[in-house]
Amino acid sequence: MDIRFLTTFIEVVNTRHFGKAAENLYLTQSAVSARIKLLEEYFHTTLFIRQRNSIQLTPSGEKLLPYAKALCKTLKEARQELAEANSDYVVVGATQLASEMVLSAALKHLHSGFPDLSVKAEVLTLDTLSRQVHERSVDLAFSMEPLKSEEVESQVLAGFELALFQCGREGDIAPGDFIAIDWGSRVRDALLTRFPVCKDAKLRTNSLQLALTTLKEEGGYVVLPRDHRILPAGMPPLHEVTVLDDVEVQVFLHTMKVVKRAGVSDIIVSFCADKVNLLNKQ
């Protein structure tokens, strides 16, 4: 059985609300409901009485609760013990865009500054990244958006001015000409206000490399940072159309405020001290 089913069960007990439990666990409400259903199927019993404005434990749920708490506590303590005993590795996570913009430079920084360190790197969704940071499964996390949590320290490594660029096309922008990179809600809202046609973009993606490849092969319009040093190599020839004065894209480094693993604090300090070199990739 996946231990996350039990942590979800405990969170629903604590909040007495599937929606609040989902928010606290950085999951969708349907994911929480599915986990509880699987848990009930595993134990062949009903764990909650679901009423319109109330969620109560059944007698079976009451019996399961102390065992669930004990198992979760034991596994958490085991994870912490093993992490402290194996301080010669670090886990780095990044969202898709952040991985394409800074992850290779971040790994180079780690390998050169901490040569004895073993590094595991993963590309994750923002929700999964946030959850794994809170679970201390990820030591260092990179994304283009902040993580909203009082337990997490989110530091801006850099902010970049954005502009609309054109490649191989001229004239008015048609829906079939626009390639939309998901830079976040603020950028998306600004674009829809200034260029309503972009809502029908021919391609929407969270992959910078895919957007640039499509742009190179088919031409079109795309919003990118004006400072191209942060972008992958092999850029197609671009013409700057207009600057988006009211928005910028930021790169964040996320870590838990309370760092328990030996050596991780030194790594965090080194990243913050080496911001310029980290982001000037080319």
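**Side-chain contacts, pairs and pockets**

Leaving aside neighbours within four places in sequence, Gln 132 is in contact with Glu 122, Leu 124, Ser 137 and Val 138, where contact means heavy atoms within 4.5 Å. Gln 132 is found in helix α6; helices (H or I, at least four residues) and strands (E, at least two) are DSSP runs, numbered from the N terminus. Gln 132 has a relative accessible area of 15% and is therefore buried. Buried means under 20% relative accessible area, exposed over 50%, and partly exposed in between, with a 1.4 Å probe and protein chains only.

The model is a predicted one, in which local features need pLDDT of at least 70 and side-chain atom pairs count only at pLDDT 80 or more, whereas totals for chains, interfaces and linings use all residues. Residues are numbered from 1 along each chain as its sequence is written, and side-chain values use heavy atoms, with hydrogens and water left out.

Side chains of opposite charge can pair when their charged atoms come close. A salt bridge is here a side-chain nitrogen of Lys or Arg within 4 Å of a carboxyl oxygen of Asp or Glu, and by this rule the count comes to 8 salt bridges. In one of them Glu 122 is joined to Lys 120, with the closest N and O atoms 3.7 Å apart. Glu 122 is partly exposed because its relative accessible area is 25%, and Lys 120, at 46%, is likewise partly exposed.

Arg 131 and Glu 135 form another salt bridge, with an N to O distance of 3.6 Å. Is Arg 131 buried or exposed? Its relative accessibility is 12%, so Arg 131 counts as buried. Glu 135, by contrast, counts as partly exposed at 29%.

The side chains of Lys 202 and Glu 218 also meet in a salt bridge, at 2.9 Å from N to O. This pair links distant parts of the chain, 16 residues apart: Lys 202 is in the loop between α7 (185-194) and β8 (203-205), and Glu 218 is in helix α8 (residues 208-218). Lys 202 is partly exposed at 32% relative accessibility, as is Glu 218 at 44%. Elsewhere, a network of salt bridges links Glu 161, Arg 226 and Glu 240.

The aromatic residues come next. A pair of aromatic rings is described by the distance of the centres and the angle of the planes. Rings of Phe, Tyr and Trp (its six-membered ring) pair if their centres lie within 6.5 Å; planes under 30 degrees apart count as stacked, over 60 as edge-to-face and the rest as tilted. The count by this rule comes to 4 aromatic pairs. Phe 18 and Phe 48 have ring centres 6.2 Å apart and planes at 70 degrees, so their pair is edge-to-face. Because Phe 18 lies in helix α2 (residues 18-25) and Phe 48 in strand β1 (residues 48-51), the pair ties together parts that are 30 residues apart in sequence. Both Phe 18 and Phe 48 are buried.

For Phe 142 and Phe 271, the ring centres are 5.6 Å apart and the planes stand at 70 degrees, so this pair is edge-to-face. Phe 142 belongs to strand β5 (residues 140-143) and Phe 271 to helix α9 (residues 264-273), so the parts tied together are 129 residues apart in sequence. Phe 142 and Phe 271 are both buried.

Met 235 is found in the loop between β9 (220-225) and β10 (239-256). With neighbours within four places in sequence left aside, Met 235 is in contact with Leu 212, Leu 224 and His 228. Met 235 is partly exposed because its relative accessible area is 24%.

The strand β10 leads on to a pocket. A pocket is an open set of points on a 1 Å grid over the protein atoms alone, where a 1.4 Å probe fits, with protein on both sides within 12 Å along at least five of seven lines; lining residues have an atom within 4 Å of a point. The second largest pocket is lined by 18 residues, of which Met 144, Glu 145, Pro 146, Lys 148 and Ser 185 lie nearest its centre. The elements giving two or more residues to this lining are α6 (126-134), α7 and β10. Of the elements, β10 gives the most, with 4 residues.
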